[in-house]
Amino acid sequence: AKAAGRNTQRFFDPAMQAAASARAALEADLRQGMARGEIVAYYQPVVDAEGRIRGAEALARWRHPQRGLVLPGEFIAIAEQSSLILELSQQVLEAACAQLVRWAADSATRTLGIAVNVSARTFRQPDFADGVLAALQASGAHPGLLRLELTESMLLGDVEDAIGKMRRLKDHGVGFSLDDFGTGYSSLGYLQRLPLDELKIDRSFVRGLPSNANDAAIVRTILTLARSLGLRAVAEGVETSAQRDFLRAHGCDAFQGYLFGRPVPAEELPVQHP
Ligand code: C2E
Ligand code: CA
Ligand code: CA
Ligand code: CA
């Protein structure tokens with residue numbers, strides 16, 4: 001086994017070579033697509049316990065001229081491996097801010113918020129907070145209606161630095177969610193130190209509700225934890241009314257999933273459009 005391991009490292013591997021050039025081609029295609037404005041934001045509704053829409057999560061989509069609508073699973077990782085992710089993050093943030101400004105123009109939509117996913121590489125930029133504040137200021141969007149979704153892994157590296165960036169944005173009213181909660185390395189101690197507003201329960205735990213005893217126990221624990229830390233809890237991937245009922249019965253504050261709506265262009269969200 002040892003010899004075989006050494007062989008795979010030493011000899012030219014055509015499969016790896018092919019994968020590398022496919023990655024390079026996709027990256028070049030994405031770079032062009034971004035320059036042509038093909039990256040757009042779709043919006044998935046987030047509803048409260050009464051089923052009223054309170055906002056949406058912005059999700060990147062690539063409107064590819066040949067391939068049609070491409071999902072983030074196919075391009076975010078590629079973008080993240082290069083500095084393309086910085087431009088992509090900026091484009092989605094600007095789209096979200098412009099949407100908040102449109103909603104602010106009408107009394108029926110002015111309280112709707114938008115959550116934007118932040119990539120690890122973007123968050124690590126020393127001027128991350130300044131960039132977000134500049135986009136808010138340039139657009140005139142209300143900072144209190146913007147929420148940034150971070151993941152546990154990106155907060156672990158330099159917790160002090162992360163807290164500093166979050167505090168600076170929070171001072172202006174920007175909110176923070178911990179995305180995909182339950183899949184990372186959360187320790188109570190560090191959770192308590194982060195200036196968060198919300199935990200998003202990962203959809204892998206919602207899937208088995210209400211019948212899977214394991215998932216039910218994990219979700220109840222997360223909801224108890226959120227309550228004791230004074231954080232809102234949002235469930236993602238809610239597809240059935242039985243899942244919603246379980247979550248609501250155990251104190252979940254907000255819901256997102258196909259039961260309430262798939263990600264769509266902003267004009268197709270079930271709200272009155274200004
Ligand atoms: P995420 O942040 O966990 O986003 C939720 C994902 O779950 C979305 O996939 C959404 O379409 C999907 N989803 C929502 N409700 C349901 C449901 O009821 N059932 C099922 N099966 N799926 C549901 P999507 O849009 O393909 O995005 C995948 C991931 O790509 C996101 O996961 C996020 O990590 C990343 N992503 C998306 N947009 C951006 C972006 O603008 N910037 C960055 N950095 N990452 C992004
Ligand atoms: Ca998210
Ligand atoms: Ca998530
Ligand atoms: Ca997820």
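Predicted model: local features only at pLDDT ≥ 70, side-chain atom pairs only at ≥ 80, totals over all residues.

Me: How far is the polar side-chain atom of Arg-203 from an oxygen atom of ligand 1?
Reply: That distance is 2.7 Å.

Me: How much of the accessible area of ligand 1 does the protein cover?
Reply: Ligand 1 has 800 Å² of accessible area on its own, and the protein covers 82% of that. Ligand 1 sits in the largest pocket.

Me: How many residues surround ligand 1?
Reply: There are 20, and Tyr-258 and Glu-239 are among the closest. The strand β2 (53-64) supplies at least two residues of this shell, as does β6 (175-181). The most comes from β2, with 4 residues.

Me: Turning to the metals, what coordinates the calcium ion (ligand 4)?
Reply: Asp-180 (OD), Asp-202 (OD) and Glu-236 (OE) do, at 2.6 to 2.9 Å. Along the chain these donors follow the spacing D-x21-D-x33-E.

Me: Which parts does the pair Asp-202 and Glu-236 tie together?
Reply: Asp-202 lies in the loop between β7 (198-201) and α10 (203-206), while Glu-236 lies in the loop between β8 (232-235) and α12 (241-249), so the pair ties together parts that are 34 residues apart in sequence.

Me: Is Asp-202 buried or exposed?
Reply: Asp-202 is buried, with a relative accessible area of 11%. Glu-236 is buried too, at 10%.

Me: And which residue coordinates both calcium ions, ligand 4 and ligand 3?
Reply: Asp-180 does, and the two ions are 3.3 Å apart.

Terms used: Residues numbered from 1 in each chain as written. Chains lettered and ligands numbered in written order. Heavy atoms only, no water. Donors = N, O, S within 2.8 Å, 3.2 Å for Na, K, Ca; no water. Buried < 20%, exposed > 50% of the residue type's maximum accessible area, 1.4 Å probe, protein only. Near = heavy atom within 4 Å. Polar contact = N/O pair within 3.5 Å; in protein donor to acceptor, adjacent residues only side chain to side chain. Areas by Shrake-Rupley, 256 points an atom, 1.4 Å probe, with all protein chains shown as cover. 1 Å grid on protein atoms, 1.4 Å probe; cavity = no way out; pocket = protein on both sides within 12 Å on 5 of 7 lines; lining within 4 Å. Sits in = over half its atoms within 2 Å of the grid points.
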